[in-house]
Amino acid sequence: MTSPASILGSQSPKLKSLPPLSLYVHIPWCLKKCPYCDFNSHAIRGEGSQAPEEEYVAALIRDLEFALQDVWGRRLSSVFFGGGTPSLFSAKAIDTILTAVRTLLPLEHFAEVTLEANPGTFETQKFADFRAAGINRLSIGIQSFNAQHLKALGRVHDDQEAHRAVDIALKNFDNINLDLMYALPGQTLEEAQTDIEMACSLGVTHISAYHLTLEPNTLFYRFPPNLPDDEQAAAMQDMIEQITVSHQYRNYETSAFARAGKESRHNMNYWLFGDYLGIGAGAHSKISFADKIVRQMRTKQPKEYLAKANAVESLIQTQQILTSADRGFEFMMNALRLTGGFETAVFQERTGLPISAVQKQLDEAEQRGLLVHDNHRIKPTVLGKRFLNDLLQLFLPETPNPE
């Protein structure tokens with residue numbers, strides 16, 4: 001019998017079948033850079049300035065054409081336009097991108113096609129046109145319905161624009177996510193409760209509630225605001241979980257709450273270690289082949305990305321082949337965010353490794369009360385959800401000792 005150590009040491013476990021494939025399209029511009037944001041996003045500078053929409057759309061299509069050799073013949077289960085603020089682009093631009101996608105890579109019937117939108121960019125006709133172009137799910141970056149907190153977060157919209165955005169969205173879309181944040185500067189438990197109750201009362205299909213964290217390379221990291229302490233933040237998280245449940249939302253992932261059947265299919269594919277092709281400045285990809293799993297990142301700076309696309313140069317800035325140990329850890333790092341965990345068989349399907357490769361870590365996690373597992377399913381306990389970082393740390397690849 002092959003030992004787990006020799007399996008992990010082997011170079012390239014084979015995959016019997018390839019996982020579902022998603023497409024991520026990165027549009028890096030926004031009206032203003034938020035002080036908490038560490039995404040690859042760039043404010044449009046100067047009065048009357050605009051993103052180079054036409055040039056960038058052409059670059060995205062070229063990027064997709066370059067990438068076809070890695071995903072030839074595979075079908076897309078979802079498409080996600082993220083940013084930045086993709087809703088800054090015209091419906092015509094989004095339509096042009098989606099037409100190229102459909103031409104080059106077949107979309108599954110009823111594929112989920114999401115567009116991220118900022119309430120400061122909402123126009124009634126524009127969003128009707130987004131729907132006509134093929135967008136069938138909208139993700140709105142509300143963050144808060146409280147004018148004071150929106151100001152503290154550096155958002156370009158106020159509370160009235162937040163409500164107006166949801167009204168326009170509901171007229172055009174039947175699958176809508178609202179992004180909220182909690183543990184905001186100076187936020188009380190009551191204010192966090194007002195936000196989540198407001199979001200639940202609007203009747204959207206999905207809510208994402210993220211704990212505000214201070215990320216390096218952000219203004220908030222350099223000049224930290226006064227944030228609620230860990231105990232207050234944990235109380236807010238508990239409250240959010242209780243209120244969403246009472247409004248028939250299921251907390252299916254650490255920060256995600258959905259009505260029945262309305263879980264984000266695109267994000268579920270990430271969390272279950274599916275494949276995704278990322279096009280656009282700084283976009284990340286994870287692509288499986290029979291004998292390897294590859295991670296890539298596109299050229300990050302928009303100007304450099306455009307220059308390389310125009311010169312028909314490679315747009316890939318970094319590329320790495322995952323080791324067996326990486327595969328096991330990355331699978332767990334994603335799948336254990338899911339409240340319901342994952343079917344044991346999926347681990348081998350997606351990593352090419354038998355579950356015995358992580359048996360030691362599973363046993364330790366179970367002894368510590370952080371997860372439960374049987375032959376069919378592995379999932380975090382309530383304690384494991386609360387101390388997710390401790391649980392994930394158990395699966396970190398061991399660093400070999402230097403000789």
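Q: Which residue in β7 is the bridge partner of Gly 141?

A: The partner of Gly 141 is Asp 179, in β7. This is a predicted model. The bridge belongs to the pairing of β6 with strand β7 (residues 176-182), which runs in the parallel sense over 5 bridges.

Q: Which strand pairs with β6 over 4 bridges?

A: That strand is β5 (residues 107-117), and its pairing with β6 is likewise in the parallel sense. One link can be named here: Glu 116 has Ser 139 of β6 as its bridge partner.

Q: How many residues of β6 are buried?

A: A residue is called buried when its relative accessible area is under 20%. In β6 (residues 137-143), 7 of the 7 residues are buried. Arg 137, Ser 139, Gly 141 and Gln 143 point one way from the strand, while Leu 138, Ile 140 and Ile 142 point the other way. Residues on both sides are buried.

Q: What share of the protein chain is buried?

A: Of the 403 residues in the protein chain, 51% are buried.

Q: How many helices and strands does the protein chain contain?

A: The protein chain has 16 helices and 17 strands. Its radius of gyration is 22 Å, close to the 22 Å given by the globule rule for 403 residues, so the chain is as compact as a globular protein of that length.

Q: What do contacts between residues at least 6 apart in sequence show?

A: Within the protein chain, 72% of such contacts join residues at least 24 apart.

Conventions. Residues numbered from 1 in each chain as written. Predicted model: local features only at pLDDT ≥ 70, side-chain atom pairs only at ≥ 80, totals over all residues. Heavy atoms only, no water. Helix = DSSP H or I, 4+ residues; strand = E, 2+ residues; numbered from the N terminus. Rg over C-alpha atoms; globule rule 2.2 N^0.38 Å. Buried < 20%, exposed > 50% of the residue type's maximum accessible area, 1.4 Å probe, protein only. Contact = heavy atoms within 4.5 Å. Pairing = 2+ DSSP bridges.
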